[in-house]
Amino acid sequence: MADQHKILLDESELPTRWYNVIPDLPSPPPPPLHPGTLQPVGPDDLAPLFPMDLIMQEVTQDSYVDIPDEVLDVYRLWRPSPLFRAHRLEKALGTPARLYYKYEGGSPAGSHKPNTAVPQAFYNKKSGVTKITTETGAGQWGTALAFACAVYGLDCEVWQVGASYDGKPYRRSVMEVFGATVHRSPSDLTESGRKILADDDHHPGSLGIAISEAVEAAAGSETSHYALGSVLNHVLLHQTVIGEEALLQFAKVGDTPDLIVGCTGGGSNFAGLSFPFLREKLAGRIDPVIRAVEPASCPSLTRGTYAYDFGDTAGLTPLLKMHTLGHDFIPDPIHAGGLRYHGMSPLISHIYELGLMEAISVPQLECFDAAITFARAEGIVPAPEPTHAIAACIREALACKESGEEKVILTALCGHGHFDMAAYDAYLGGTMVDEDVPDSRFAEPLTRLPQVDL
Ligand SMILES: *Cc1c(COP(=O)(O)O)cnc(C)c1O
C-alpha cells in the first residue's frame, strides 16, 4: 500500500469533529489580557468583534467540537484532501527516507485557509451580522474568506497589505470574483491607516497594520464582525481536520511519521496538521518530532521573545502571550507574505515553551531551491510559504542519505503558488536575495513591548 502515490479517503471518512489540544496539555496557555485593565479578557470583551459561537470555541475546555452539517457540506467540495507519498522526490534526492506531503492546494482558495474561513463565515451568518472585515497578507486568507462569505451571503471587506496589493494584482481579482471589496493597506479609510500614510503615502504595509484597520472598521459598526485567519485558538481548532485525515491516511498505508514539518506564519496550518499527531504522542502511542519552520527574516519562535504583546501594530487587540518580534516590527518584504507576521499563535508558543515541539528558520533562497526541486519531481508549484517546510524536509532527507536512515517525514504542503509567479521569476532571474538581519533590528522593536507585570 505504501507504494501508491496518492492516499485518498472516502467522503464518508471526513472528520466530523475538530480536535482541541488544550485539555491534553500539561498546563493551559496563559490567557489573553485586556489592554486597559490587564485582566483576562472575558467573552463580552470580544463580542463586538466575534460571534459568540467562535468566542466559546476560543475558550473551550472540551476535547472535541462537532462540525456543523452546514460546514461539512461545504468542506466536501475539496475534503478529504489527498496525502501524497513523494516517490519521485525521494528518487530525485536519492534518499532512503519516506517522504509524504498533505496537500491543501486543492481547496477553492488554493490553500488550507478555507478550513477556517467556512466555519467562521457560518457562525457569523448565524449571529445575524451582514458583513465581515479582515486583513490579508499574501492574499490567501482574503480569498478564502471572500469565498466563504459568498457561500453564506455575507459582505466581505478586505484590507490587503500594500506590498501584496501592488505585487499580486490577480489575488485581488480573485477576491473580487468571490464578491469581496478590497482596499490597499494602509488606507485612508481608518484612523490607524491615516496615521501611517501621514509619514509615508506609499507605505508597503504589514499584517499588523492591516489587522488594525480591519479591527477598527468592525469595532465601529453594529452590523460587522472581524475575522482572523490564523493565530487564535478557534482558527487552529478548525484546521485540525488536516491532521485527523492524515492520521487515517497513514493508518491506511500502515506507516507512521518520525518527523512532521510545517511552515509557521501565525501557526494555523502547522497546528492543523500536527495537533492530532501531538494528541497521539502525548498518549504515548507514537513519538514523532514536530518541527516548525519559519523564515530567517521573520523568526518569531527562534529569535523573538516570549512575552505579552499586541496582535496588531496600532495596539487595538487584546494582549497575547506569544513569541513576538514586537508589534511594530516590519519584516523585509520576502515573497512568503503569509509568514510576515511579528507574532506566533499563543497556543503554538506555549507548546514550544513546554518543549513538545522544535523550531528552525530557513533563508529564502534555500526555500526556492527546494521548491524547484520539488516542483520538477512532484509536479506541484508550491506557495512561497510551504517552500520553508519543503526545504526543511529536503535537508532532513539529505541527512538520511548520509546516514542511511529510513526516516518517515510528513510535510504540510498548505498551498499552491500559482499566484506567486513573480516570486519564482525573481528566483529564476537571479534577483532574489537573502537578507541578513542584524540582531539590532530585532532588538529595537522589543523595547516597545507593552509593560505587563504579572
Ligand atoms: C496564510 C498562509 C500561511 C501562514 O499562516 P499559518 O497560520 O502559519 O498557516 C502559510 N501558507 C499558506 C499557503 C497560507 O495561505
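View 1. A cavity is a set of grid points where a 1.4 Å probe fits but cannot get out. In this predicted model, a search of the whole structure finds four such cavities of 30 Å³ or more.

**View 2. The lining of the largest cavity.** Among the 29 residues that line the largest cavity, those closest to its centre are Lys113, Leu207, Ser230, Gly266 and Gly338. At least two lining residues each are supplied by strand S6 (131–136), helix H6 (140–152), helix H10 (207–219) and helix H13 (268–282). Divided by class, this lining of the largest cavity holds 12 nonpolar, 14 polar and three charged residues.

**View 3. The lining of the second largest cavity.** Asn20, Ile22, Asn233, Leu237 and Leu347 are the closest to the centre of the second largest cavity, out of the 13 residues that line it. Helix H2 (52–59) and helix H11 (233–239) each supply at least two residues of this lining, and the largest share, four residues, comes from H11. Seven residues of the lining of the second largest cavity are nonpolar, five are polar and one is charged.

**View 4. The largest nonpolar core and the contacts of Ile351.** The largest nonpolar core has 55 residues, of which Tyr226, Phe275, Phe277, Ile348 and Ile351 touch the most other members. When its neighbours within four places in sequence are left aside, Ile351 is in contact with Val21, Leu25, Phe275, Leu278, Leu356 and Met357.

Conventions:
Residues are numbered from 1 along each chain as its sequence is written. This is a predicted model: local features need pLDDT of at least 70, side-chain atom pairs count only at pLDDT 80 or more; totals for chains, interfaces and linings use all residues. Side-chain values use heavy atoms; hydrogens and water are left out. A nonpolar core is a set of buried Ala, Val, Leu, Ile, Met, Phe, Trp, Tyr and Cys residues joined through side-chain atoms within 4.5 Å. Buried means under 20% relative accessible area, exposed over 50%, partly exposed in between (1.4 Å probe, protein chains only). Contact means heavy atoms within 4.5 Å. On a 1 Å grid over the protein atoms alone, a cavity is a set of points where a 1.4 Å probe fits but cannot get out, and a pocket is an open set with protein on both sides within 12 Å along at least five of seven lines; lining residues have an atom within 4 Å of a point. Grid points are joined across faces, edges and corners, and a volume is the space filled by probe spheres set on the points. Ala, Val, Leu, Ile, Met, Phe, Trp, Tyr, Cys and Pro count as nonpolar, Asp, Glu, Lys and Arg as charged, and the others, Gly among them, as polar.
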